[in-house]
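Visitor: Please take a close look at one part of this structure, the charged and aromatic side-chain contacts. I would like to know which residues pair and where they sit.

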Amino acid sequence: MKGQSWSIGLHFGENLSTLRGDAKTDYLPGFMGGFHASHYLTENVVLRLEANFERKGTRFDSDNPTPDPGTIGFGDDYRFDYLSLPVMLRYSMGKMRNS
C-alpha cells in the first residue's frame with residue numbers, strides 16, 4: 001500500500017425491493033450505480049465516500065383483470081429514485097500482499 005493513499009472507481013448492481021414484503025409477487029427489480037472514492041488512512045483503515053443513484057419500487061397485484069383506480073383490486077407499480085451519499089469507515093485485519 002506504499003505510495004497509494006487514494007483510489008476511485010465506479011460501481012453498479014441490481015436490487016429487488018418492495019414496500020410491504022408480504023407477497024412473492026410484489027418485488028420489482030431495480031438498479032443502483034455510482035462512484036466511490038477511498039482514502040487509505042492506514043494499511044488497515046479505509047475511509048470510503050460514495051454517491052449513488054438508486055431506483056427501488058414495488059408492485060401491487062390486481063385480482064380483477066380490468067381494475068379501476070381506487071378500487072380494492074387495483075394493481076399498480078411504484079418506482080422511487082434516490083440519491084444516497086454513504087460514508088463508510090472500514091477496518092481490515094491481516095496484511096496485504098504486495099505483488
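Guide: What follows goes from the chain as a whole to its side-chain contacts and then to a surface patch. The model is predicted, so local features need pLDDT of at least 70 and side-chain atom pairs count only at pLDDT 80 or more, while totals for chains, interfaces and linings use all residues. Residues are numbered from 1 along each chain as its sequence is written, and side-chain values use heavy atoms, with hydrogens and water left out.

The chain has 0 helices and 5 strands; helices (H or I, at least four residues) and strands (E, at least two) are DSSP runs, numbered from the N terminus. In sequence order the pattern is β-β-β-β-β. Mean pLDDT (the predictor's confidence in each residue, from 0 to 100) is 80 for the chain, and 67% of the residues reach 70 or more. Confidence is lowest in β4, with a mean of 84, and highest in strand β5 (residues 87-91), with 95. Of the 99 residues, 21% count as buried; buried means under 20% relative accessible area, exposed over 50%, and partly exposed in between (1.4 Å probe, protein chains only).

Now the charged pairs. Side chains of opposite charge can pair when their charged atoms come close. A salt bridge is counted when a side-chain nitrogen of Lys or Arg is within 4 Å of a carboxyl oxygen of Asp or Glu, and the count here is 3.

One of them joins aspartate 81 to arginine 55, at 2.6 Å from N to O. Aspartate 81 lies in strand β4 (residues 76-84) and arginine 55 in strand β3 (residues 45-60), so this bridge ties together parts that are 26 residues apart in sequence. Aspartate 81 is partly exposed at 43% relative accessible area, and arginine 55 is partly exposed at 28%.

Another bridge links arginine 48 and glutamate 50, whose closest N and O atoms are 2.9 Å apart. Arginine 48 is buried at 18%, and glutamate 50 is buried at 19%.

Glutamate 54 and lysine 56 form a further bridge, at 3.5 Å from N to O. Glutamate 54 is buried at 15%, whereas lysine 56 is partly exposed at 32%. Lysine 56 also lies over the face of tyrosine 82, 5.6 Å from the ring centre; a charge sits over a ring if NZ of Lys or CZ of Arg is within 6 Å of the ring centre and within 35 degrees of the ring normal.

Turning to aromatic rings, the count is 1 aromatic pair. Rings of Phe, Tyr and Trp (its six-membered ring) pair if their centres lie within 6.5 Å; planes under 30 degrees apart count as stacked, over 60 as edge-to-face and the rest as tilted. The rings of phenylalanine 31 and phenylalanine 53 have centres 5.8 Å apart and planes at 40°, so the pair is tilted. Phenylalanine 31 lies in strand β2 (residues 28-40) and phenylalanine 53 in strand β3, so the pair ties together parts 22 residues apart in sequence. Phenylalanine 31 is partly exposed at 38%, and so is phenylalanine 53, at 35%.

Last, the surface patch. Leu41, Leu47, Leu49, Val87 and Leu89 form a nonpolar patch with about 450 Å² of accessible area together. The elements giving two or more residues to this patch are β3 and β5. Patches are made of residues with over 30% relative accessible area and no salt bridge: like charges are joined within 9 Å, nonpolar side chains (Val, Leu, Ile, Met, Phe, Trp, Tyr) within 5 Å. Accessible areas come from the Shrake-Rupley method with a 1.4 Å probe; for residues, only the protein chains shown count as cover. Leucine 89 is in strand β5 and is exposed at 60%.
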